[in-house]
Amino acid sequence: MSTRIATTAALILALCTATAAQVTKREYPGIKNFSRVNATVACGGATSPEAVQALKKEGFVSIVNLRTAEEPEANVDVEAAAAATAGIRYFHLPFKSTAPETAVVDRFLTVVSEPKNQPVFIHCASANRVAALWLIKRVRVDKWKVENALEEAKAIGLTSEPLRTFALDYLSRK
């Protein structure tokens, strides 16, 4: 019986490790902290308008920008114009890490869950906000266990304890 328990524990550990291993980091010109989550999602931090055309060439059909227009070097309007020129759907969902709003999360879940918006590239300034919202999506929409979703979120870039707390509170309320 103890061999069976050990085997089960090893399998669970392997599945949890595979979750984070799915996220692959790479250098991407014009994008800070780029991560590929799977075939339909990539995440990142600050993204230059010049990187939009490269995202289009990689097959992305949508961009979700979580930065606020007031952030230094956010270039929201310029990025939106670059997306329009490239023929990419552009969603600006300003999400303040200091005052996160559940309405933005709800809109985010709708946008990223819509098949016509995939593959989607999601970004903020560092990937911290992206990771917090992705954590919520994984649990709420994909029905992942919180522990697995947290591990993946950390691999994407979740470092903020307040954002982690916000995400977990959001999940407990709905």
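This section describes the aromatic pairs and salt bridges of a predicted model. Local features require pLDDT of at least 70 and side-chain atom pairs count only at pLDDT 80 or more, whereas totals for chains, interfaces and linings use all residues. Residues are numbered from 1 along each chain as its sequence is written, and side-chain values use heavy atoms, with hydrogens and water left out.

Aromatic pairs were defined by ring centres within 6.5 Å for Phe, Tyr and Trp (its six-membered ring), with planes under 30 degrees apart taken as stacked, over 60 as edge-to-face and the rest as tilted. The count by this rule is 5 aromatic pairs. F34 and F121 are stacked, because their ring centres lie 6.0 Å apart and their planes stand at 15 degrees. Both residues are buried (under 20% relative accessible area; exposed is over 50%, partly exposed in between; 1.4 Å probe, protein chains only). F121 also forms an edge-to-face pair with F60, at 6.3 Å centre to centre and 70 degrees between the planes. F60 has a relative accessible area of 1%, and F121 one of 0%. Ring pairs join Y28, F34, F60 and F121 into a cluster.

The structure contains 8 salt bridges (a side-chain nitrogen of Lys or Arg within 4 Å of a carboxyl oxygen of Asp or Glu). One of them joins E58 and R26 at 2.5 Å, N to O; E58 is partly exposed at 34% relative accessibility, as is R26 at 41%. E71 is bridged to R67 at 3.0 Å and to R129 at 2.8 Å. E71 is buried at 15% relative accessibility, and R129 is buried at 8%.
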